[in-house]
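Hi,

Here is the model I said I would pass on. Have a look at it first, and then read my notes below.

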Amino acid sequence: MDKKQTESFSNKKMNRRQMLKLTGVGAAGVLIGATGFGSVASSLGYSVVEDNLSVLNKIPFYGKYQSGIYTEVQQHIYFASLNVIATSKEELKELFKMWTPMAVKMMNGEEIGEPTTNYFVPAKDTGEAVGLSASNLTLTFGVGPTLFEKSELGIKNLKPTDLVQLPHFPKDQLDENFSAGDICIQACAEDPQVAFHAVRNLVRAASGKVTLKWTQAGFNSFPQGNKKNTPRNLFAFKDGTGNPDVKNIKEMNEVVWVQPNDSVSWMTGGTYLVARKVQTHLETWDRTALGDQEATFGRHRDSGAPLGKKDEHEDMELSRSDSNGRPVVPITSHVHLAKQVKDRLLRRSFSYTSGLDPKTGIFDAGLLFISFQKDPKQFINIQNSLGRVDKLNEYITHRGSAIFACFPGIQKGSFIGESLFKA
């Protein structure tokens, strides 16, 4: 690398293609030592890869909290629920240790291993993300209640008392093929192939330790690419208007992050993830008058404002009534029922389309609802309030349900889930 190239490398952010072009396979080791970029250490018995903050579209892996929760929501998700077939706590620990440097590398926009020159063995990286940017990839890891019930792992005593399967809610028609799981990986990115590549390579590397239980891809779209605008679901209504301010530490501590003494010690700084696959009956919805649609949600479709108001973020004021004394926001509307509960949560949902339902010939489409909360009761209380009277029930069916305890953030030199294994 000449002087001009070195200055360019040091001063500018680069994508994967630019990095590979500059360094080449043979020069990679020299480059690592000279710049600290992607540096690897083995002092703790496993590789430590640094966040490379010089690359384009990069979100840090290390921090107080896991990425993919408080970080700005991306356009695409690939969510995977896994079964664990490892047979000891130590084997499970090694799995998370192995995944840690891989996760950092992929969030850096790098391949998980150097390209192979041996044509007789598979490449270390599956390769479909080569040439793409880091794409703001985030990876979020959690563990489900069934993991702690595996006697061979010997971790039953570490299970948080709040980590139990969600109850059966009214109108649930759950499919075991889209429910529960021992481990979840939430991969979010601006590019769907980058998100899929991340999960694919993590699962591939963990062959013999995990198997896939269920997966779901999803997407979000933002008006004019402006993420300050709340995205719309496939019913065309804004989804996530009432979220807490992720930059407000006090608010996030109250709603999302587990505080000391809230739960078991290893969950401090973590959160609980609820995933619900909700099929939306678009054909029925599309035959419904706009006024009835708005009465179903309790908001105006175009602006997202509470009924009778103009601005999306105006106070809902549930007690408002019209000149005839009738509630402006119908008491059976989705928002009214959700808002009458004091609990809050952080929604980070994505729409999905998965072809058609072969049994009915209608769209298989809907919402991969994902929420983060410091206590699962927050979600349970809201869902119970919706109950059987929610007008939206006529247009949706809950097909999948899962809950996971998400670890606190990972510090450099540590590994995913370290707090659990140190407890």
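Before the notes, one term: I call a residue buried when its relative accessible area is under 20%. Also keep in mind that this is a predicted model.

With that cut-off, the buried residues of helix α5 are Val194, Ala195, His197, Ala198, Val199, Asn201, Leu202 and Val203. The helix covers residues 192-205, and its 14 residues reach 20 Å from the first C-alpha to the last, close to the 20 Å expected at 1.5 Å a residue. As for how it begins, a side-chain oxygen of Asp191 comes to within 2.7 Å of the backbone nitrogen of Gln193 at the start of α5.

Now the core. The largest nonpolar core has 73 residues, and the members that touch the most others are Leu92, Phe96, Trp99 and Leu139. Helix α3 (residues 89-107) supplies the largest share of this core, with nine residues. In soluble globular proteins, nonpolar side chains tend to be buried together.

On α3 itself, the 19 residues reach 27 Å from first C-alpha to last, close to the 27 Å expected at 1.5 Å a residue. Just after α3, Gly109 has a positive phi of about 85 degrees.

Which strands pair with β10? Here is what I found:

- β7 (residues 271-280) pairs with β10 in the antiparallel sense over eight bridges, and Leu273 has Phe372 of β10 as its bridge partner.
- β8 (residues 346-347) runs antiparallel to β10 and is joined to it by two bridges; Leu346 stands opposite Phe372.
- β9 (residues 350-356) is also antiparallel to β10, over five bridges, with Tyr352 opposite Gly366.

The hairpin of β9 and β10 has six residues between the strands, and Gly361 takes a positive phi near 80 degrees there.

Still in β10, have a look at Gln373. Its relative accessible area is 0%, so Gln373 counts as buried. The Gln373 side chain makes a polar contact with the side chain of Ser371 at 2.8 Å. Not counting residues up to four places away in sequence, Gln373 touches Val255, Val256, Thr271, Tyr272, Leu273, Val274, Leu345, Gln378 and Phe379.

Is Asp172 buried or exposed? It counts as buried, because its relative accessibility is 7% and the cut-off is under 20%. The side chain of Asp172 reaches the backbone nitrogen of Phe169 at 3.0 Å. Beyond four places in sequence, Asp172 touches Pro167, Arg276 and His398.

That is everything I have for now.

Cheers

Note on methods. Residues numbered from 1 in each chain as written. Predicted model: local features only at pLDDT ≥ 70, side-chain atom pairs only at ≥ 80, totals over all residues. Heavy atoms only, no water. Core = buried A, V, L, I, M, F, W, Y, C linked by side-chain atoms within 4.5 Å. Buried < 20%, exposed > 50% of the residue type's maximum accessible area, 1.4 Å probe, protein only. Helix = DSSP H or I, 4+ residues; strand = E, 2+ residues; numbered from the N terminus. Expected span 1.5 Å × (residues − 1). Polar contact = N/O pair within 3.5 Å; in protein donor to acceptor, adjacent residues only side chain to side chain. Pairing = 2+ DSSP bridges. Contact = heavy atoms within 4.5 Å.
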